[in-house]
Structure formats: structure tokens, C-alpha cells
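Please look over the structure below. A short report on its fold and on a few selected residues follows.

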Amino acid sequence: MNNNLDTLFNNIKSSSLYNRYNEIGEILKKDENVQKLIDEINELQKEALILEYNGDIKYIEIDKKIEEKVLELNNNNVYKEYLNKMKEFNDSIK
């Protein structure tokens, strides 16, 4: 059974789709604008969660900021390509 799993993983790792997905992931990691947006979104999500947990309705304002940042991120061409390759890869292993 381990040999079958090893073979499966090796086949996945050697596929061109997986390699392209990884390449785009590396490009994405080096894109300062994308990384900044991701970091900002994460921080805003933490802030909104704490506010909502404490019953402070200011979390609604933070949620709006998050939506704006996510929209900006989703409009980034490198990020779009990354999401597309991720979907293609995930679809290929179903």
C-alpha cells in the first residue's frame, strides 16, 4: 500500500500542472503587493473577530474594509492565475 501511495505522490509531484501551480505560488510569494494585501486582510479579520466576540458592532466597518481588500486581491492578475491553477490542480486529483 505504501508503494501505491508513493507512486501516486510521485506522479502528482512530477505532473506539469502541479509544477506550474508551484511556480505561480512562488511568484505570488515574491509579489509584495499581494503579500501586503494578504497580511492586511488577516489582521483585519483578527480585529473583526475580536470586536464581534466582544459585541462591538464596529466589526461591520472592518468587514467592509476586508471586502474591499479581498476585491483588490481578486483583481490581481498573478493571484487570479494562482487561483485558476489551484482549481485545475484540485480538479485533476478528484
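Is F89 buried or exposed? F89 has a relative accessibility of 10%, so the residue counts as buried. The cut-off for buried is under 20% relative accessible area. Note that this is a predicted model.

**Overall fold**

The chain has five helices and zero strands. Along the sequence, the pattern reads α-α-α-α-α. The C-alpha trace spans about 55 × 30 × 20 Å along its principal axes. The radius of gyration of the chain is 18 Å, whereas a compact globule of 94 residues would have one near 12 Å.

Burial is computed per residue. Of the 94 residues, 21% count as buried. The accessible surface of the chain comes to about 7300 Å². Carbon and sulfur atoms hold 50% of that surface.

Contacts can also be sorted by sequence separation. Take the contacts with a separation of 6 or more: residues 24 or more positions apart account for 62% of them.

**Aromatic pairs**

The count of aromatic pairs comes to two. One of them joins Y18 and F89. Their ring centres lie 5.3 Å apart. Why is this pair called tilted? The planes stand at 50°, so the pair is tilted; the tilted class lies between stacked, under 30 degrees, and edge-to-face, over 60. The pair links distant parts of the chain. Y18 is in helix 2 (residues 16–30) and F89 is in helix 5, 71 residues apart.

**Helix 5 and K85**

K85 also belongs to helix 5, which covers residues 77–92. Which residues does K85 touch, leaving out those up to four places away in sequence? They are R20, Y21 and I24. K85 has 18% relative accessibility, so this lysine counts as buried.

L5 lies in helix 1, residues 2–14. Together, L5, L8 and F9 make a nonpolar surface patch of about 270 Å². L5 has a relative accessible area of 36%, so this leucine is partly exposed. The class in question runs between the buried limit of under 20% and the exposed limit of over 50%.

The accessibility values are set out here.

| Residue | Relative accessibility | Class |
|---|---|---|
| F89 | 10% | buried |
| K85 | 18% | buried |
| L5 | 36% | partly exposed |

Definitions and conventions
Residues are numbered from 1 along each chain as its sequence is written. This is a predicted model: local features need pLDDT of at least 70, side-chain atom pairs count only at pLDDT 80 or more; totals for chains, interfaces and linings use all residues. Side-chain values use heavy atoms; hydrogens and water are left out. Helices (H or I, at least four residues) and strands (E, at least two) are DSSP runs, numbered from the N terminus. Buried means under 20% relative accessible area, exposed over 50%, partly exposed in between (1.4 Å probe, protein chains only). Contact means heavy atoms within 4.5 Å. Patches are made of residues with over 30% relative accessible area and no salt bridge: like charges are joined within 9 Å, nonpolar side chains (Val, Leu, Ile, Met, Phe, Trp, Tyr) within 5 Å. Accessible areas come from the Shrake-Rupley method with a 1.4 Å probe; for residues, only the protein chains shown count as cover. A salt bridge is a side-chain nitrogen of Lys or Arg within 4 Å of a carboxyl oxygen of Asp or Glu. The radius of gyration is taken over C-alpha atoms; the globule rule is 2.2 Å times the number of residues to the power 0.38. Rings of Phe, Tyr and Trp (its six-membered ring) pair if their centres lie within 6.5 Å; planes under 30 degrees apart count as stacked, over 60 as edge-to-face and the rest as tilted.
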